[in-house]
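Here are my notes on the two-chain model you passed along. Have it open while you read, and go through the points in order.

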Amino acid sequence: MRKQKVRFLIYPCIEVNTLRFTIKNNILTPFLIEKPQESRPISSFEAIPQPPLNETYSFNKKLQQFLHGKQLLLDDLPFPIEEIHEHYENGYILYRKGMTKEKNKSTCARCGNEDRALFVCFPCARCDEEHCTYCRKCLMMGRVSACTPLVSWSGPVQTQSDNQRPLKWNGTLSPGQQLASDRVKQAVTDNTELLVWAVCGAGKTEVLFEGINTALAAGKRVCIATPRIDVVLELGPRLKAVFPEIPVAVLFGGSEDRHLQAPLTIATIHQLLRFYKAFDTVILDEVDAFPYTADDSLQYAVRQSRKPVSSMIYLTATPNQKWQKDCHNGKREYVTIPARYHRHPLPVPAFKWCGNWEKALKKDQLPSAVTQWIKKRLETQKQCLLFFPNIDKMDKVLPILRKLEPKIESVHAEDPDRKSKVQKMRDKEVPMLITTTILERGVTFPNVDVAILGAEDRIFTESALVQIAGRVGRSAQFPSGNITFFHYGKTESMVKARRQILKMNEEAKKKGLIAY
Amino acid sequence: MLIKCLICHQEISPVVTWSSLWSKPEENDLCKKCSEKLNFIEGEACEKCSRPFSGLDPRYRTGNLCHDCTRWNEDPEWGSSLERNQSLFLYDDFLKEAIARYKFRGDYILARAFSPFIKSKLQTLDFDLLVPIPLSSERLYERGFNQSAALIREAGFTAAEMLKRTHAEKQSKKARNERIHLQQVFQRIADHDAENKKIILIDDIYTTGSTLYHAAKILKEAGAASVCSLTIAR
């Protein structure tokens, strides 16, 4: 478990026993100490009235700064509840029901959860109802129950920028990047959606700089969100370096910037659950990566965090089938960067049938084609990666390979030494790393050959295969290399992955983006 | 229907055996992996507080008692207040995480991960009343439920709320000495009669025993015939 977060007491002076409400004269009133007969938990009201904005009210700027663009619990707010409520009465704060119920179907207003199995009915000491309900899905961000109000800012927000060009970057873009960069900028200006389909190693981060610059100069709020925490940690310093005068909030579970409001936010998608109508521009990196695609609540979080009028930029090297189709049918605005920044073509995977390798493994043997491939790399001292469909198979192979070379290491998601092993590979102390799909993206070694054993496995989807192939030839010094799929029966995904790579190379050639 | 493990959220695949086909399915909300991670307290242990002797430095053991219990017993004021504590599981990292999620995050349903074990333990014990260790009203508001009372309720019993907390500070932030020499932290609520009752106190964790000794003392003073305690973790 992560370290306990600091929790603020909502009521430092008075003892709070309960949280029930009444609506009278079209205004919501909380009851915190006693509970009059007519008081109810917030979710049992049909609608929560919103008083009109009193423009003469002198609101608390600190509260505004803390809360705007957010949806927080009262427990998260280091302000007395009387003060919060006074802001509500003057139209500066919005209360929403933490949970909505329609025909016995509950929905968590914060994370969008509708899964019955993730709601728990319990006797609640706050609202004093025998049957209160809470959501387990987003519990780790503080419990939302049927008696919880979600608190947002509804007063005015300053949106001004005196910095016409916050971007401080002297690099140049490749022609492919330039084209995409222009489209991103346009989408930001026009508040539209755009998919940037950029091959692995295209240099997609630089493509965002001009667009972010345009947004920031117009006083817009920008968020780059990604499912992967390593991407957040890598992007944070890079963007701080090119936007040196702009405050940048870097958010992930347990990060210190949790309450920092900044024009530029970089966050794991999970953190967006605390935002509400906050951003003018959301850039979603690695849209196809787990867990974004598998988790509805993350997609809900992204929707909730956008302003009603806003732009949305999706970035990926490997859009899924549906998105690819939408692109080709003209249903989705997109731009491709079909070539890498170093202008060499993408290495194309070779397919090699290797028989029933699982059966061979049972006899502690590797298919000879695989052994040969590995031996050749060990002899010529070319570093290589070998991917496996699961940990069990990998564990079986490691002792066999160590007979060839004792320094070979293996990594998987739960490996406590994962970071240090990857570093050893970078430092060339390890000649070969065997791995599960955990290294399929995000990791760059400058000069490696890559193979998959068991490429026919279901876990190797088209996008996983394209990503794995994308590990080869990343650097300008070593722009090529070998990528081999060892398989026991070619799959549709393998064929599609190779086709996608060939198509990108072809397109890049046509557009003159390949120089070699 | 698919059942998911309360702790790890993985699907639980029911084990089908001949007897399970014919008998009423047993309630089981934990997957096999998580159940196995719960470490039952077994083997030699302190006969007063259930502290396991394995792994304990022999210097801290006197006969069948651990050092702490010997000290409690030597104290004429406290020694006889709590008769005995029993605990179900070792308070290891796995349980620490589960209990933290249960009470600090407020995941009420985890009471059901433990309640079957509490229930079967209680079936072997003789008692008149089950008394949960109370929370301060501040803490009760924060958590939304009392974790000890929830264990009793989910095990299918009725909690006898006989105590009230007068002191609000968090126990876990204090050193042992501080805890033991605190002023009385509980008050009795007069609703239930303790006279000649056999009482079992329920709490989530036994650490120094201070909380339970304090509660036991008050109940003894109110005329309870005996006060024992049962906790999830030790």
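**Notes on the model**

1. Let's start with B:Ser50, which sits in the loop between α2 (32–37) and β3 (61–62) of chain B. Helices here are DSSP runs of H or I with at least four residues, strands are runs of E with at least two, and both are numbered from the N terminus. B:Ser50 is not a glycine, yet has a positive phi of about 70°. B:Ser50 is also buried, because its relative accessible area is 9% (buried is under 20%, exposed over 50%, partly exposed in between, with a 1.4 Å probe and protein chains only).

2. Some ground rules: this is a predicted model, where local features need pLDDT of at least 70, side-chain atom pairs count only at pLDDT 80 or more, and totals for chains, interfaces and linings use all residues. Residues are numbered from 1 along each chain as its sequence is written, chains are lettered from A and ligands numbered from 1 in the order in which they are written, and side-chain values use heavy atoms, leaving out hydrogens and water.

3. How far can you trust chain B? Its mean pLDDT is 86, and 85% of its residues reach 70 or more (pLDDT is the predictor's confidence in each residue, from 0 to 100).

4. Now the interface. In chain A, 24 residues are in contact with 21 residues of chain B (heavy atoms within 4.5 Å). The two chains bury about 2200 Å² between them, 50% of it on carbon and sulfur atoms; that is accessible area (1.4 Å probe) lost on putting the two parts together, summed over both.

5. Which residue of chain A forms a salt bridge with B:Asp107? That's A:Arg136, with the closest N and O atoms 2.7 Å apart. The rule (a side-chain nitrogen of Lys or Arg within 4 Å of a carboxyl oxygen of Asp or Glu) finds 2 salt bridges across the interface of chain A and chain B.

6. Back to loops: A:Asp364 lies between α8 (357–362) and α9 (368–379) of chain A. Its phi is near 60°, a positive value in a residue other than glycine. A:Asp364 is partly exposed, because its relative accessible area is 47%.

7. Last, A:Lys322 is in helix α7 (residues 321–328) of chain A. A:Lys322 counts as exposed because its relative accessibility is 55%. A:Lys322 and A:Tyr134 are 188 residues apart in sequence and 35 Å apart in space, C-alpha to C-alpha.
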